[in-house]
Every structure is written in C-alpha cells, then in structure tokens.
Amino acid sequence: MNALYSMLMEQGALPPCRCTVSFVSMIRLTKINKSYRIGQHALHVLRDVDLHIKAGEMVSIMGSSGSGKSTLLNILGILDQYDSGDYYLDETPIRALSERKAAMYRNRFIGFVFQSFNLLPFKNALENVAVPLYYQGVSRRKRNRIATSYLDRVGLADWAEHLPSEMSGGQKQRVAIARALVARPRVILADEPTGALDSETSYQIMQILEEVNQSGITVVVVTHEHDIAERTHRIIRLHDGRVQTGDPVPVRQ
Ligand SMILES: Nc1ncnc2c1ncn2[C@@H]1O[C@H](COP(=O)(O)OP(=O)(O)O)[C@@H](O)[C@H]1O
Ligand SMILES: [Mg+2]
C-alpha cells in the first residue's frame, strides 16, 4: 500500500479497496458542443462530444494542439460553460446547477494541475498547498498541519519554507499536486502536467498521479506525449473537436 493511499485512508476519505475502477460513472458527457465567438465568427471547438469516465479510472486525452483538449478539461472542471449537450458529474446534471452550487461542486469534486504549475509566487510551498483550505475557512493551525502532511506525501517535507522560484519544475509540480489533493477531491484534472518537464521528472510526476489514482481518485491527464498517455488505463483522442471512436484500450497492470 503506498503512502498517499494510506494517508487518505486514515482520513476516511477513501473506500477500503485499492485500484478499483467502479461501474459508477464519475464523468458523463453527452453531445457536448462548444464554440468561441471571435468577432463575427464562431469557432466550433467541441462537436458532439460523448465521454464516459468511470469512478477510479485514470484516462488520458490526446490530440494535436488546438484540438480542444483544454476546452474539454475546463468544461469537465466546471470552469467553462458549454453551448449544448449534458454533463453529469457523479450523476448530477451540471447544467441545472446555480452558479453557487456549481462552484460548490467544483470545490468539492475537482482538483486541477496545470502545465505551468500556477503557484502563487510570493507564497512558500506550504502556503501554496494550504490555499484551498484557507478558502474553506480552516484555521491556520489545522491548515498548516494538513498541508504539511500532503507536502510530506509528495516528498517535499524539507521544502515547506521555500518559494516557487527556489524550486525545480518537478518540485513545483509536486507542490501543485499536493495543493490539488488537499481539499480531498474525487477527480484530478491535469492539463499537460509534464509538458514543461524533462522525461525523468515527467516519469516521477506520473508515478505520483498513479499513486493518487490508486488511492481511489479519478484522474484525467491531457498530454501530447505517448509515453505519458500509455501509463493510463485508456486513451481518448480528440481530433478537430470530436472524440475519435474505436480507440484501442491499453491495459496497464
Ligand atoms: N477563450 C477562447 N476564445 C477564443 N478561442 C479560444 C479560446 N480558448 C481556446 N480557443 C481556441 O479554441 C481552439 C481549441 O483550444 P484548446 O482547447 O486550448 O486546444 P488544445 O488544448 O487542444 O491545444 C483553438 O483554436 C483555440 O485557439
Ligand atoms: Mg491545451
């Protein structure tokens, strides 16, 4: 049993089994369409996207630049609206939610990891990890205790006081993963999390994301790189805003 898994178990955040892909659908999209309006023109970015990701799955989304991967991930993360179709998160229809409830769902369900880390530059590693707890109104003492345990789990216990500018890319991404986990999300959405990293560091980051998945959290990774995608259970390919059907399903043991 890995360390991250044990910790999440101790907190009572997880079901008592490991690496299980459930039959329950965590993410279900039906016929999602999304356009951006640019002046007089509409750029149709997602076309009738159907997608089904089960609770506990780890999937990758691949596609060339501009194929709509980030747009899709932002919709999954309830950061962006769509024009038509339906999105069910844990069987709840997102379209029907008020803005306040949508924000609540986002905070409760989703953790984000970005290519450029998106850390606050003048906050140290511990403070960055604690940010979501601050917004939840958790006391400073408790924030520090919880954030310290997550930093520890991503191997950065000794880096708590360091600013992002003093850390390597891989370390910054580990801080970002700890920050994404601290609010105990059910889903991690990672947009090219290894895009700015060398291959050895990318490997380490994927290992952490695999541990996160083994702890029961659904993981969706957008990537350009085949090596990265092949470490997930399933590759979803986007081409000109459409999900390509008939994809082979790689099975990772
Ligand atoms: N906010 C936006 N306004 C207008 N066009 C956008 C916006 N965001 C993305 N696009 C366009 O939508 C298309 C898909 O973008 P994106 O989802 O970022 O693709 P990917 O992540 O696969 O590179 C691109 O042509 C991009 O220029
Ligand atoms: Mg993108």
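Tyr135 counts as exposed, at 67% relative accessibility. The cut-offs are these: buried means under 20% relative accessible area, exposed means over 50%, and partly exposed lies in between (1.4 Å probe, protein chains only). Tyr135 also belongs to a ring pair. Its ring centre lies 5.3 Å from that of Tyr134, and the planes stand at 85 degrees, so the pair is edge-to-face. Rings of Phe, Tyr and Trp (its six-membered ring) pair if their centres lie within 6.5 Å; planes under 30 degrees apart are stacked, over 60 edge-to-face, and the rest tilted.

This is a predicted model, in which local features need pLDDT of at least 70, side-chain atom pairs count only at pLDDT 80 or more, and totals for chains, interfaces and linings use all residues. Residues are numbered from 1 along each chain as its sequence is written, chains are lettered from A and ligands numbered from 1 in the order in which they are written, and side-chain values use heavy atoms, with hydrogens and water left out.

Now the whole chain. It holds eight helices and 10 strands. Both are DSSP runs, numbered from the N terminus: helices are H or I with at least four residues, strands are E with at least two. Of the 253 residues, 48% are buried. The chain exposes about 12,600 Å², and carbon and sulfur atoms supply 50% of that area. Accessible areas come from the Shrake-Rupley method with a 1.4 Å probe; for residues, only the protein chains shown count as cover. Take the contacts between residues at least 6 apart in sequence: 70% of them join residues at least 24 apart. Contact means heavy atoms within 4.5 Å.

Next comes the sheet. Six strands form an open sheet with mixed pairing, in the order E6-E7-E8-E3-E9-E10. Strands E6 (110-114) and E10 (242-243) stand at the edges; each has a single partner strand, so one side of each is left without a neighbour in the sheet. Two strands pair if DSSP finds at least two bridges between them. E6 and E7 (residues 187-191) pair in the parallel sense over five bridges. Ile110 has Val187 in E7 as its bridge partner.

Which strands does helix H2 lie across? H2 (residues 69-76) lies across E3 (58-62), E6, E7, E8 (218-222) and E9 (234-239). It runs at about 155 degrees to E7. Helix H3 (residues 99-109) lies across E6 and E7, at about 70 degrees to E6. Axes are lines fitted to C-alpha atoms, for helices over the stretch in contact; angles run from 0 to 180 degrees between N-to-C directions.

Back to the rings. The chain has three aromatic pairs. One of them is Phe112 with Phe114, stacked at 5.9 Å centre to centre with 10 degrees between the planes. Phe112 is buried, at 17% relative accessibility. Phe114 is partly exposed, at 25%.

Charges meet rings too. The charged end of Arg28 sits over the ring of Tyr88, 4.4 Å from its centre. That of Arg108 sits over the ring of Tyr105, 5.4 Å from the centre. The rule asks for NZ of Lys or CZ of Arg within 6 Å of the ring centre and within 35 degrees of the ring normal.

Last, the backbone. Most residues other than glycine have a negative phi. Lys31 has a positive phi, near 50 degrees. Lys31 lies in strand E1 (residues 25-38) and is partly exposed, at 47%. Arg184 also has a positive phi, about 55 degrees, although it is not a glycine. Arg184 is in the loop between helix H6 (169-181) and E7. Its relative accessible area is 40%, so Arg184 is partly exposed.
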